[in-house]
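Welcome! Have a look at the model below, and then we will walk through some of its parts together.

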Amino acid sequence: MASQEIHNNENENENRPIPLPYFNFGILNRVDWRNNDIVVSSGAKCGTTWTLQMVFQLLNKGSTDYKDLLLEQPWPEFVEYPGQPETELLERWSSIPITKRRAFKTHAGPPVLPILPHVKYVVTARNPKDAATSLFHFMKVHSKEFLEMWNLTFPDLPPNIYMEEFFFKVSRFFEFYSGWWNLRSHPNVLILHFDDLKKNMNENLITLANFLEIEPISEDCWQKIREHCSIDWMRTNGEKFELTFAGKQNNIHVINPGGMIRKGVSNDHVNFFTPEMNQRFQQVFEQKVPDPKLRHWLEFGGNFEK
């Protein structure tokens, strides 16, 4: 991977979740966060796009009138092309009318992400083994044009080496969720689990709507929302979720067609992890996440004590 840095403030980027040149986590400290902004925060491949789609659908009553979800709900740390000035992005987000409630995506958590009392945070977690499995495949579907723009090559690592050199050492997955776990009792933080969303999406949509204080929704709109948040609908309309606007001319696709939403299932790690990988994972898991309650919840979801 290239060692190029977009932002040179080492303190801001010290704890950044994913050290790639097209991520500038320092910009999160310079966003003019508004009252009632929404931030969807999760580790990579933990249901971020799915949760963001739920938020968009709730805010827009089941609308499908958009080209790319991330044009509607920005991803602050994502740098669209080398050398892109921060002001271009900050001014774009500031120009969103104050009458339109803003929602953002991020792979940053505390302490990199500012935690403010007037902002609502929706956090989605996933079984770490499933997240690692999905991320392994996801790294293979970035478009040639996008990688060439950043002078990047993702090495084709064997699964066990990928786990050691990337997931354990680079992704900061465990640190990310430990940070959010410490804030789980905050009234402006809602923590969801991918497996719970799979088991009962409708119930979790209601929980999300109540947390975001969405105005009453008609049954007709609820039907549209549920349909448009289904994995099948999102896969069929995958071009709406594939970051199609990178590059100076906004014409470079980040992800190859069909690459963003692969399976959207639970327990796919059984097809990826060998017994040796499972043993090593458990060793690292217990070392990096000493809290047994957090370990159990990350693996299985369900209710937890605040």
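Let us start with two helices: the axes of helix 8 (residues 173-181) and helix 14 (residues 292-300) come within 11 Å and cross at roughly 110 degrees. Helix 8 and helix 14 are therefore roughly perpendicular to each other, a label given to angles of 65 to 115 degrees. Their crossing is right-handed, meaning that the near helix is turned clockwise from the far one by less than a right angle. Here Tyr177, Ser178 and Trp181 of helix 8 meet Lys293, Leu294, Trp297 and Leu298 of helix 14; contact requires heavy atoms within 4.5 Å.

Before going on, please note that this is a predicted model, in which local features need pLDDT of at least 70 and side-chain atom pairs count only at pLDDT 80 or more, while totals for chains, interfaces and linings use all residues. Residues are numbered from 1 along each chain as its sequence is written, and side-chain values use heavy atoms, with hydrogens and water left out.

Helices (H or I, at least four residues) and strands (E, at least two) are DSSP runs, numbered from the N terminus. Axes are lines fitted to C-alpha atoms, for helices over the stretch in contact, and angles run from 0 to 180 degrees between N-to-C directions.

Helix 8 also packs against helix 13 (residues 275-288), at an angle of about 40 degrees and with the axes 10 Å apart. On the side of helix 8, Phe174, Glu175 and Ser178 make this contact, and on the side of helix 13, Phe281, Val284, Phe285 and Lys288.

The table shows what kinds of residue make up each contact.

| Contact | Make-up |
|---|---|
| Helix 8 with helix 14 | five nonpolar, one polar and one charged residues |
| Helix 8 with helix 13 | four nonpolar, one polar and two charged residues |

In these counts, Ala, Val, Leu, Ile, Met, Phe, Trp, Tyr, Cys and Pro are nonpolar, Asp, Glu, Lys and Arg are charged, and the others, Gly among them, are polar.

Four strands form an open sheet in the order 2-1-3-4, with parallel pairing; two strands pair if DSSP finds at least two bridges between them. Its edge strands are strand 2 (103-106) and strand 4 (189-193). Strand 1 (residues 38-42) and strand 3 (residues 120-125) are joined by five bridges, and Val40 has Val122 in strand 3 as its bridge partner.

Finally, Pro111 sits in the loop between strand 2 and strand 3. Pro111 and Gly179 are 68 residues apart in sequence and 7.4 Å apart in space, C-alpha to C-alpha.

Technical notes:
Parallel < 35°, antiparallel > 145°, perpendicular 65-115°, else oblique.
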